[in-house]
Amino acid sequence: MITKLKHHDERTAKQIWCVLQRSYSVEAELIGREDFPPLSRTVADIKAAKSDFYGYLESDDIAAVIEVEVAEQHLEIHSLVVDPNHFRKGIADKLMCFVLSELHITSAWVETAVVNEPAIRLYRKHGFVEVERFTPPHGIEKLALSYSSS
């Protein structure tokens with residue numbers, strides 16, 4: 001089941017943080033970086049976020065989280081993570097279908113590490129196309145992808 005998470009709540013923010021930490025630890029290993037910036041995010045950061053968090057719940061546990069902002073029918077995906085205990089179940093695909101169909105958007109944007117092939121395959125499957133490659137100050141080469149419903 002997909003539901004909007006009340007990330008301002010301490011308990012929920014901690015649950016989100018745990019999923020982010022477990023998933024981003026795997027991604028950090030994939031890209032070969034111990035100092036992966038998303039791992040420095042705190043529970044307080046999550047509680048203070050202006051974005052929305054949607055969770056995929058399995059037996060009342062948060063199995064996956066997508067963090068988004070929508071403005072004027074444009075979706076920005078800030079993160080999409082699946083707890084490693086729930087990899088290979090199609091959960092990220094379900095979250096993508098949900099945000100693209102239920103949030104009434106006409107365009108979307110996401111960035112991921114160039115070496116994160118699983119994420120890139122997922123976004124391309126949903127109609128995202130490569131827009132730009134760049135390297136921010138932290139030194140991890142990134143890929144920006146965009147989506148248009150038209």
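Helices (H or I, at least four residues) and strands (E, at least two) are DSSP runs, numbered from the N terminus. This is a predicted model: local features need pLDDT of at least 70, side-chain atom pairs count only at pLDDT 80 or more, and totals for chains, interfaces and linings use all residues. Residues are numbered from 1 along each chain as its sequence is written, and side-chain values use heavy atoms, with hydrogens and water left out.

**Stop 1: Phe-98**

Select Phe-98. Helix α3 holds this residue. Now show what surrounds the side chain. Contact means heavy atoms within 4.5 Å. Not counting residues up to four places away in sequence, Phe-98 touches Ile-2, Tyr-54 and Leu-103.

**Stop 2: Leu-103**

Move to Leu-103, in the loop between α3 and β5. Is Leu-103 buried or exposed? Leu-103 counts as buried, at 18% relative accessibility. Buried means under 20% relative accessible area, exposed over 50%, and partly exposed in between (1.4 Å probe, protein chains only). Neighbours within four places in sequence aside, Leu-103 is in contact with Tyr-54, Val-68, Val-70, Leu-75 and Phe-98.

**Stop 3: α3 against α4**

Select residues 91-102 for helix α3 and residues 117-125 for helix α4. They pack at an angle of about 40 degrees, with axes 10 Å apart. That makes α3 oblique to α4. Angles under 35 degrees count as roughly parallel, over 145 as roughly antiparallel, 65 to 115 as roughly perpendicular, and the rest as oblique. Axes are lines fitted to C-alpha atoms, for helices over the stretch in contact, and angles run from 0 to 180 degrees between N-to-C directions.

Show the side chains next. From α3, Ala-92, Asp-93 and Met-96 make the contact; from α4, Leu-122, Tyr-123 and Lys-125.

**Stop 4: the cores**

A nonpolar core is a set of buried Ala, Val, Leu, Ile, Met, Phe, Trp, Tyr and Cys residues joined through side-chain atoms within 4.5 Å. The largest one has 29 residues. Select Ile-66, Leu-75, Ile-77, Met-96, Leu-100, Tyr-123 and Phe-128, which have the most contacts inside it. Which element gives the largest share of this core? The answer is α3, with six residues.

Zoom in on Tyr-123. Beyond its neighbours within four places in sequence, Tyr-123 is in contact with Ile-77, Leu-80, Met-96, Val-110, Phe-128 and Leu-145. A second, separate core has 19 residues, among them Ile-16, Ile-31, Ala-49 and Ile-62.

**Stop 5: two positive phi values**

Most residues other than glycine have a negative phi. Select Ser-59, in the loop between β2 and β3. Its phi is near 55 degrees, a positive value in a residue other than glycine. Ser-59 is exposed, with a relative accessible area of 68%.

Then pick Glu-72, in the loop between β3 and β4. Glu-72 is not a glycine, yet has a positive phi of about 50 degrees. Glu-72 is exposed, at a relative accessible area of 81%.

**Stop 6: Arg-22**

Finish on Arg-22, in helix α1 (residues 10-31). Arg-22 counts as partly exposed, at 38% relative accessibility. Neighbours within four places in sequence aside, Arg-22 is in contact with Asp-83 and Pro-84.
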